[in-house]
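Please open the structure in a viewer and keep the selection tool at hand.

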Amino acid sequence: MLFLVAALLLLGVAMGSVAHAPLPVSLVAAAVIGVWLMVFAVRERHSRRHS
């Protein structure tokens, strides 16, 4: 639950900073977050198949 609160807090900070950041910076940040989510999804799928 604490992780969820921290993630929502970081999302709010990120959304606020994206409004002031240049487009290339926003795109790079979006790509990094997308890669992190894909890695998380693959790890979750892998761990569920082997348990």
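For the first stop, a contact is understood as heavy atoms within 4.5 Å. The model shown is predicted.

Begin by selecting Ser26, which lies in helix α2, residues 23–49. Leaving aside residues up to four places away in sequence, Ser26 touches Val18 and Ala21. Is Ser26 buried or exposed? The relative accessible area of Ser26 is 14%, and because buried means under 20%, Ser26 counts as buried.

Next, display the largest pocket, which holds about 340 Å³ of space. The elements that each give two or more residues to its lining are α1 (2–18) and α2. Which element supplies the largest share of this lining? That element is α1, with nine residues. The lining consists of 14 residues; to find the centre of the pocket, select Ala7, Leu10, Leu11, Ala14 and Ile33, which lie nearest to that point. Colouring the lining by class shows twelve nonpolar residues, two polar residues and no charged ones.

Then turn to the aromatic rings, where the count comes to one pair. Select Trp36 and Phe40: the centres of their rings are 6.3 Å apart and their planes stand at 25°, so the pair is stacked. Stacking here requires planes under 30 degrees apart. Both Trp36 and Phe40 belong to helix α2, where they are four residues apart, about one turn of the helix.

Finally, keep Phe40 selected and display its surface. Phe40 has a relative accessibility of 46% and counts as partly exposed.

Key:
Residues are numbered from 1 along each chain as its sequence is written. This is a predicted model: local features need pLDDT of at least 70, side-chain atom pairs count only at pLDDT 80 or more; totals for chains, interfaces and linings use all residues. Side-chain values use heavy atoms; hydrogens and water are left out. Buried means under 20% relative accessible area, exposed over 50%, partly exposed in between (1.4 Å probe, protein chains only). On a 1 Å grid over the protein atoms alone, a cavity is a set of points where a 1.4 Å probe fits but cannot get out, and a pocket is an open set with protein on both sides within 12 Å along at least five of seven lines; lining residues have an atom within 4 Å of a point. Grid points are joined across faces, edges and corners, and a volume is the space filled by probe spheres set on the points. Ala, Val, Leu, Ile, Met, Phe, Trp, Tyr, Cys and Pro count as nonpolar, Asp, Glu, Lys and Arg as charged, and the others, Gly among them, as polar. Rings of Phe, Tyr and Trp (its six-membered ring) pair if their centres lie within 6.5 Å; planes under 30 degrees apart count as stacked, over 60 as edge-to-face and the rest as tilted.
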